[in-house]
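Biologist: I am new to this structure and would like to go through it with you. Could you show it to me?

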Amino acid sequence: MGIECIVYMGELDIERQAPNVARMKMLGAKVRPAQSGSKTLKDATNEAIRDWINNPVDTHYIIGSVVGPHPYPDMVARQREPNLYLPL
């Protein structure tokens, strides 16, 4: 699709999730480690938000966990709901 994808992960999470990291890189994503604090999801989220705030013109913040500023937690939570609302 020609869209740059940068994934922020905690340095410890990169080690724990090595097969997933390899797949993301194979698909063209850049994986940036969060090296501050506990080096886990919380710190990676902070790094991603920092990047988003500093590059508002060409950056969109997407996360697969129910964390971050409104409306993202609500969007992720709704996506995880069972598809009870789809017509049969």
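Modeller: What follows is a conversation about a predicted model, taking its nonpolar cores and its charged side chains in turn.

Biologist: Which residues make up the largest nonpolar core?

Modeller: That core has 6 residues in all: Tyr8, Ala34, Ala44, Ala48, Ile49 and Tyr61.

Biologist: Which helix gives the most to this core?

Modeller: Helix α3, which covers residues 41-54, gives the most, with 3 residues. Leaving aside neighbours within four places in sequence, alanine 48 is in contact with Tyr8 and Tyr61. Another core lies apart from the largest one; it has 5 residues, including Val7, Val21, Ala29 and Val31.

Biologist: Turning to charges, how many salt bridges are found in the whole structure?

Modeller: A search of the whole structure gives 5 salt bridges. In general, side chains of opposite charge can pair when their charged atoms come close. One of the bridges joins aspartate 13 and arginine 16, at 2.9 Å from N to O.

Biologist: Which parts does the pair of aspartate 51 and arginine 32 tie together?

Modeller: The side chains of these two residues meet in a salt bridge at 3.7 Å, N to O. Aspartate 51 lies in helix α3 and arginine 32 in strand β2 (residues 30-34), so the pair ties together parts that are 19 residues apart in sequence. Aspartate 51 is buried, with a relative accessible area of 15%, while arginine 32 is partly exposed, with 36%.

Biologist: And what is the partner of glutamate 47 in its salt bridge?

Modeller: Glutamate 47 pairs with arginine 50, and their closest N and O atoms are 2.7 Å apart. The two are 3 residues apart in helix α3, so they are separated by about one helical turn. Glutamate 47 counts as partly exposed at 25% relative accessibility, and arginine 50 is partly exposed at 44%.

Biologist: What about aspartate 43: is it buried or exposed?

Modeller: Aspartate 43, in helix α3, is buried yet has no salt bridge. The nearest side chain of opposite charge is that of lysine 42, 4.6 Å away; a salt bridge requires the atoms to be within 4 Å.

Biologist: Which backbone atom does the side chain of aspartate 43 reach?

Modeller: It reaches the backbone nitrogen of lysine 39, at 3.0 Å. Neighbours within four places in sequence aside, aspartate 43 is in contact with Ala34, Ser36, Gly37 and Ser38.

Key
Residues numbered from 1 in each chain as written. Predicted model: local features only at pLDDT ≥ 70, side-chain atom pairs only at ≥ 80, totals over all residues. Heavy atoms only, no water. Core = buried A, V, L, I, M, F, W, Y, C linked by side-chain atoms within 4.5 Å. Buried < 20%, exposed > 50% of the residue type's maximum accessible area, 1.4 Å probe, protein only. Helix = DSSP H or I, 4+ residues; strand = E, 2+ residues; numbered from the N terminus. Contact = heavy atoms within 4.5 Å. Lys, Arg positive; Asp, Glu negative; His and termini not counted. Polar contact = N/O pair within 3.5 Å; in protein donor to acceptor, adjacent residues only side chain to side chain.
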